[in-house]
Amino acid sequence: MSDNPSRVTAPPERRAVPSAPSRRSIASFRNYADAEQAVDALSDRGFPVHRVAIVGRDLEVVEQVTGRLDYPRAALRGAAGGAVTGALIGWLFGLLSWIIPVIGWLLLMVYGLVFGAIVGALLGLLVHAMQGGRRDFSSATAMRPRTYELMVDEDVAADAVHILGWDR
């Protein structure tokens with residue numbers, strides 16, 4: 001028991017990964033290929049690369065506009081998604097067909113593809129119309145880091161710097 005009953009002791013600190021070593025950044029790169037090349041150079045010289053990590057820093061979301069989205073393109077995109085979904089559902093139902101399995105499987109897949117394309121096109125048109133021109137463009141979104149840090153376990157970081165020739 002403690003002398004001071006009002007004193008609260010904190011529980012012992014725990015790490016999420018108990019054996020995670022501390023790491024040090026030895027280089028920063030603008031693109032992943034350069035960081036990968038540095039790790040490859042370490043590997044070629046026998047460095048224990050399992051003690052290296054490439055860490056992306058300063059993530060940014062990039063939305064690349066790919067074109068204008070009008071009613072025909074909205075219907076086409078909806079039809080493509082619906083056709084794939086319909087074909088997969090038809091294929092699954094075809095797997096359960098016990099009567100004339102091959103023909104039933106193919107027919108259900110084709111019917112699913114056609115029905116899915118029609119429903120998908122209608123839904124694509126409906127969604128595009130409901131947006132009222134607020135977002136009439138198509139885009140692809142990606143997340144990418146601005147820089148890539150080459151992180152090495154603290155106790156072998158100096159060796160990595162020496163092997164790469166960055167200590168000169």
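How do the axes of H2 and H3 cross, and within what distance do they come? In this predicted model, where local features need pLDDT of at least 70, side-chain atom pairs count only at pLDDT 80 or more and totals for chains, interfaces and linings use all residues, the axes come within 5 Å and cross at roughly 150 degrees. Residues are numbered from 1 along each chain as its sequence is written, and side-chain values use heavy atoms, with hydrogens and water left out.

Axes here are lines fitted to C-alpha atoms, for helices over the stretch in contact, with angles from 0 to 180 degrees between N-to-C directions. H2 and H3 are therefore roughly antiparallel to each other (over 145 degrees; under 35 would be roughly parallel, 65 to 115 roughly perpendicular and the rest oblique). The crossing of H2 past H3 is right-handed, that is, the near helix is turned clockwise from the far one by less than a right angle. Sorted by class, their contact holds 17 nonpolar, ten polar and no charged residues (Ala, Val, Leu, Ile, Met, Phe, Trp, Tyr, Cys and Pro are nonpolar, Asp, Glu, Lys and Arg charged, and the others, Gly among them, polar).

As for the overall layout, the protein has four helices and three strands, in the order β-α-β-α-α-β-α from the N terminus. These are DSSP runs numbered from the N terminus (helices H or I, at least four residues; strands E, at least two). Of the 168 residues, 27% are buried (under 20% relative accessible area with a 1.4 Å probe, protein chains only; exposed is over 50%, partly exposed in between).

Then there is the largest pocket, with about 160 Å³ of space. A pocket is an open set of points on a 1 Å grid over the protein atoms alone where a 1.4 Å probe fits, with protein on both sides within 12 Å along at least five of seven lines; lining residues have an atom within 4 Å of a point. Its lining includes Leu69, Arg77, Leu123 and His128. H3 gives the largest share, four residues, and the lining comprises four nonpolar, four polar and two charged residues.

Asp58, in strand S2 (residues 52-68), has a positive phi of about 55 degrees despite not being a glycine. Asp58 counts as exposed, at 53% relative accessibility. Asp153, in strand S3 (residues 137-153), is buried at 4%. Asp153 and Ile26 lie 127 residues apart in sequence, but 10.0 Å apart in space, C-alpha to C-alpha.

Technical notes
Grid points are joined across faces, edges and corners, and a volume is the space filled by probe spheres set on the points.
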